[in-house]
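Please open the model in your viewer and keep the selection tool at hand.

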Amino acid sequence: VKSLIVDLMLTSPVPVQKQLSQAIAIIGQQDFPAKWPDLVNNMVTKFQSGDFHIINGVLHTAHSIFEKYSIEFKSQKLWEEIKFVLDNVAKPFTDLFVETINLAGQHATNKDALKVIFGSL
């Protein structure tokens with residue numbers, strides 16, 4: 001299930017995508033990163049798709065998975081998990097941000113394109 005759920009979520013209509021995103025977050029609370037180490041890499045590779053439906057799905061899912069870091073108690077395990085996430089997400093996320101800003105500049109006169117682009121920020 002874990003090997004297919006991310007791709008299934010990203011190809012689903014938005015209402016189903018939201019439910020599958022939440023399912024990924026629930027599974028991730030128990031299995032990520034120890035039992036599901038490829039989850040983050042699987043998600044960040046989708047940034048290169050150029051499809052904002054997919055990118056937004058990944059960003060919403062990442063938020064659902066990572067929001068636990070704001071409420072967990074400090075521990076060595078928590079710091080190791082955060083380091084793992086940063087090592088795997090920071091560069092692709094920064095690259096996505098720079099690319100998105102560049103797209104905004106290229107489409108500065110297209111109101112509809114800007115709505116889609118800024119929807120990811």
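Helices (H or I, at least four residues) and strands (E, at least two) are DSSP runs, numbered from the N terminus. The expected span of a helix is 1.5 Å times one less than its number of residues. This is a predicted model, in which local features need pLDDT of at least 70 and side-chain atom pairs count only at pLDDT 80 or more, while totals for chains, interfaces and linings use all residues. Residues are numbered from 1 along each chain as its sequence is written, and side-chain values use heavy atoms, with hydrogens and water left out.

**First stop: helix α2**

Select residues 14-31, which form helix α2. With 18 residues at 1.5 Å each, α2 should span 26 Å, and the 25 Å between its end C-alpha atoms agrees with this. Which residues of α2 are buried (under 20% relative accessible area, against over 50% for exposed and in between for partly exposed, with a 1.4 Å probe and protein chains only)? They are Q17, L20, S21, I24, A25, G28 and D31. Viewed down the axis of α2, these buried residues fall within an arc of 150 degrees, so they line one face of the helix; the arc is that of the directions from the helix axis to the C-beta atoms. Now colour P15, K18, Q19, Q29 and Q30, which are exposed on the other side of α2. Next, display α1 (2-10), α3 (39-44) and α4 (52-66), which are among what covers the buried residues of α2.

**Second stop: the nonpolar core**

In soluble globular proteins, nonpolar side chains tend to be buried together. A nonpolar core is a set of buried Ala, Val, Leu, Ile, Met, Phe, Trp, Tyr and Cys residues joined through side-chain atoms within 4.5 Å. The largest one here has 31 residues, and I24, F32, L39, I65 and F66 have the most contacts inside it. Two or more residues each come from α1, α2, α3, α4, α5 (76-106) and α6 (111-118). The element that gives the most is α4, with eight residues. Select I65: leaving aside residues up to four places away in sequence, I65 touches I24, A25, F32, L39 and M43 (contact means heavy atoms within 4.5 Å).

**Third stop: the aromatic rings**

Rings of Phe, Tyr and Trp (its six-membered ring) pair if their centres lie within 6.5 Å; planes under 30 degrees apart count as stacked, over 60 as edge-to-face and the rest as tilted. There are three aromatic pairs by this rule. Select F66 and Y69: their ring centres are 6.0 Å apart and their planes at 15 degrees, so the pair is stacked. F66 counts as buried at 19% relative accessibility, and Y69 does so at 16%.

**Last stop: the salt bridges**

A salt bridge is a side-chain nitrogen of Lys or Arg within 4 Å of a carboxyl oxygen of Asp or Glu. The whole structure holds five salt bridges. Select K68 and E81, whose side chains meet in a salt bridge at 3.0 Å, N to O. K68 lies in the loop between α4 and α5 and E81 in helix α5, so the pair ties together parts that are 13 residues apart in sequence. Both K68 and E81 are buried. Move on to K83 and D87, whose closest N and O atoms are 2.7 Å apart in a salt bridge. These two residues lie four residues apart in helix α5, about one turn of the helix. D87 is exposed, with a relative accessible area of 55%.
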